[in-house]
Amino acid sequence: MIYFLCPKPEAPSGGVWFIHRIAQLLNNSGVDALVVQRPPFDVFWDTHPIPESMIARGNLAFQDSDTFVIPECMYPNGVPVEILNSGSRKIVFVQNRVWLPDTIDLNGIDVMVCSRYLANHIRRVRSINVAGLVRPFLDPDLWQPTPKQANRVT
């Protein structure tokens with residue numbers, strides 16, 4: 001099982017939306033994934049919310065074979081102790097390098113990013129190998145390019 005930890009309500013909502021979409025894509029492709037939220041937080045403005053069955057709340061029975069994807073704004077202080085001390089695989093998902101403090105030791109932790117710029121920055125500045133690159137998913141039903149118009153003054 002892959003668990004995506006969801007940030008606190010004050011976190012940027014675009015990042016939360018992206019985490020929800022990744023979990024939904026995994027479930028659609030046959031991989032079991034759940035978003036772990038602390039109630040009562042929901043992405044209330046999402047026009048296509050993920051099903052309630054994909055959201056885990058409360059006390060869960062985690063196993064060492066589980067994988068946890070942790071947003072950079074939660075690592076390590078926002079992660080429950082039972083997850084930090086478990087033998088499970090932990091992946092820190094960096095969407096914005098500003099939220100990842102320089103003092104955190106990421107050796108032995110897998111790091112995933114959402115852009116080549118972040119991957120290059122983390123390799124160069126932090127000397128950490130990036131395990132993966134996750135490109136943003138844009139739903140064509142919701143996001144379409146704006147048609148270009150001439151910048152004319154009448």
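Student: Which residues form one aromatic cluster here?
Tutor: Tyr3, Phe62 and Phe68 do. Keep in mind that this is a predicted model, where local features need pLDDT of at least 70, side-chain atom pairs count only at pLDDT 80 or more, and totals for chains, interfaces and linings use all residues. Numbering runs from 1 along each chain as its sequence is written, and side-chain values use heavy atoms, with hydrogens and water left out.

Student: How many aromatic pairs does a search of the whole structure find?
Tutor: It finds 4. Rings of Phe, Tyr and Trp (its six-membered ring) pair if their centres lie within 6.5 Å; planes under 30 degrees apart count as stacked, over 60 as edge-to-face and the rest as tilted.

Student: Why is the pair of tyrosine 3 and phenylalanine 62 edge-to-face?
Tutor: Because the planes are at 80°, with the ring centres 5.0 Å apart. Tyrosine 3 is in strand 1 and phenylalanine 62 in the loop between strand 3 and strand 4, 59 residues apart. Strands here are DSSP runs (E, at least two residues), as are helices (H or I, at least four), numbered from the N terminus.

Student: And what about tyrosine 3 and phenylalanine 68?
Tutor: That pair is stacked, 5.4 Å centre to centre with 20° between the planes.

Student: New topic: where is asparagine 120?
Tutor: Asparagine 120 sits in helix 3 and is partly exposed at 44% relative accessibility.

Conventions. Buried < 20%, exposed > 50% of the residue type's maximum accessible area, 1.4 Å probe, protein only.
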